[in-house]
Amino acid sequence: MLQVTGLTTSYGPVKALDSVDITAEDGRITAVLGANGAGKSTLLRSISGLVRPSAGQVLLDGKDLVGLSAEKMSGLGLGHVPEGRGVITELTIEENLRLGSLGRRAGSDPVPLERAYELFPVLGERRTAHAEVLSGGERQMLVIGRALVAAPKVLLLDEPSLGLAPRIVAQIFGIVRDLVEREGLTVVLVEQNARSALSIADTGVVLNLGRVITTRPAAELAEDEGLRHAYLGF
Ligand code: ATP
């Protein structure tokens with residue numbers, strides 16, 4: 001279980017996160033929703049150590065991660081797929097995937113690259129091609145695949161749907177949901193596409209201006225017209 005309490009992060013004078021509490025239960029998808037600038041990416045970056053929070057705790061199975069390097073966190077089972085699909089276009093698909101195994105969780109069995117190809121057959125078909133040939137959706141699959149070969153317990157996904165056609169979003173979200181159900185993966189899914197995110201999430205957290213507005217079961221949130229109109233854009 002990932003338990004975030006009182007997390008506060010500033011960029012100079014801008015307080016991007018203000019005492020945020022979030023719990024991501026094991027084997028569940030927790031969607032973090034909210035408008036542009038709500039602090040969603042900052043939350044994930046603060047959890048995974050890419051930015052340093054000024055206060056608060058991030059407990060993974062009871063161990064405080066704050067202050068550890070991103071590499072160390074990966075070794076403890078925290079995977080982060082940042083916004084923007086950081087594939088290395090000069091490397092092949094297979095080489096990109098292999099990079100993921102460098103951050104493998106300590107004590108976990110090596111995850112064969114075939115695992116990523118099973119989940120995303122399109123990657124397997126083109127494993128020796130340079131990643132630059134991939135479409136946006138395929139790049140998203142590659143970065144998720146790369147995170148999975150590190151055998152994470154908790155996967156932080158930042159805006160995986162950005163710029164993708166609804167059909168591709170549905171495909172990727174379906175695979176994420178399957179991983180959670182079949183393998184007990186724990187996911188924190190940051191999305192502006194609240195409608196799609198809530199369709200696969202168990203719990204929804206609404207952020208606004210760096211603060212948690214509400215935390216509710218996803219189905220309940222999807223039905224709350226007032227909240228949807230005020231914060232979720234649908
Ligand atoms: P988006 O979907 O646009 O990424 P978000 O909800 O993820 O939005 P953040 O990117 O976390 O929001 O931004 C939260 C606030 O912090 C915003 O006011 C933003 O302008 C500010 N911010 C984010 N990154 C930086 C940075 N590197 N330097 C200064 N301010 C930043």
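The legends below describe close-up views of a predicted model.

**View 1. Packing of helix 6 against helix 7.**
Helix 6 covers residues 136–148, and its axis runs 10 Å from that of helix 7, at an angle of about 15°. With that angle, helix 6 is roughly parallel to helix 7, since angles under 35 degrees count as roughly parallel. The two helices cross with right-handed geometry. On the helix 6 side, the contact is formed by Gly137, Gln140, Met141, Ile144 and Leu148. Helix 7 contributes Ile168, Gln171, Ile172 and Leu179. Sorted by class, this contact of helix 6 with helix 7 holds six nonpolar residues, three polar residues and no charged ones.

**View 2. Val169 in helix 7.**
Val169 belongs to helix 7, which spans residues 166–183. Its relative accessible area is 5%, so Val169 is buried, the limit for that class being under 20%. Leaving out residues up to four places away in sequence, Val169 touches Ser161, Leu164, Asn193 and Ser196. For orientation, Gln57 is 112 residues from Val169 in sequence, and their C-alpha atoms are 32 Å apart in space.

**View 3. Packing of helix 3 against helix 6.**
Helix 3 (residues 93–101) packs on helix 6 at an angle of about 35°, and the two axes are 6 Å apart. This crossing of helix 3 and helix 6 is right-handed. From helix 3, the residues in the contact are Ile93, Asn96, Leu97, Leu99 and Gly100. They meet Leu142, Gly145 and Arg146 of helix 6. The contact of helix 3 with helix 6 divides into four nonpolar residues, three polar residues and one charged residue.

**View 4. Thr92, in the loop between strand 6 and helix 3.**
Thr92 sits in the loop that links strand 6 (78–81) and helix 3. The relative accessibility of Thr92 is 13%, so this residue counts as buried. Apart from residues up to four places away in sequence, Thr92 touches Arg127, Thr128, Ala129, His130 and Ala131.

Helix 1 comprises residues 40–47, and six of its eight residues are buried, so the helix is largely enclosed by the rest of the structure. The buried residues are Lys40, Thr42, Leu43, Leu44, Ser46 and Ile47. Just after helix 1 comes Gly49, with a positive phi of about 85°.

Thr42 is located in helix 1. Thr42 counts as buried because its relative accessibility is 8%, and the class takes in values under 20%. With neighbours within four places in sequence set aside, Thr42 is in contact with Thr9, Tyr11, Ala16, Leu17 and Val51.

Helix 10 runs over residues 225–232, and Leu227, Arg228 and Leu232 are buried in it. Viewed down the axis of helix 10, these buried residues fall within an arc of 100°, so they line one face of the helix. An α-helix has 3.6 residues a turn, so residues three or four places apart point the same way. His229 and Ala230 are exposed residues on the face of helix 10 turned away from its buried side. The elements that cover the buried residues of helix 10 include strand 3 (29–33), strand 9 (203–208) and strand 10 (211–217). Helix 8 (194–200) and helix 9 (218–223) are also among the covering elements.

**View 5. Ser19 and its positive phi.**
Ser19 lies in strand 2, which spans residues 14–24. Although Ser19 is not a glycine, its phi is positive, at about 55°. Ser19 has a relative accessible area of 43%, so it is partly exposed.

**View 6. Asp61 and its positive phi.**
Asp61 is placed in the loop between strand 4 (55–60) and strand 5 (63–64). Asp61 is a residue other than glycine, and its phi is positive, near 50°. With a relative accessibility of 44%, Asp61 counts as partly exposed.

Key
Residues numbered from 1 in each chain as written. Predicted model: local features only at pLDDT ≥ 70, side-chain atom pairs only at ≥ 80, totals over all residues. Heavy atoms only, no water. Helix = DSSP H or I, 4+ residues; strand = E, 2+ residues; numbered from the N terminus. Buried < 20%, exposed > 50% of the residue type's maximum accessible area, 1.4 Å probe, protein only. Contact = heavy atoms within 4.5 Å. Axes fitted to C-alpha atoms, helices over the stretch in contact; angles between N-to-C directions. Parallel < 35°, antiparallel > 145°, perpendicular 65-115°, else oblique. Left-handed = near helix turned anticlockwise from the far one by under 90°. Nonpolar A, V, L, I, M, F, W, Y, C, P; charged D, E, K, R; others polar. Arc of directions from axis to C-beta.
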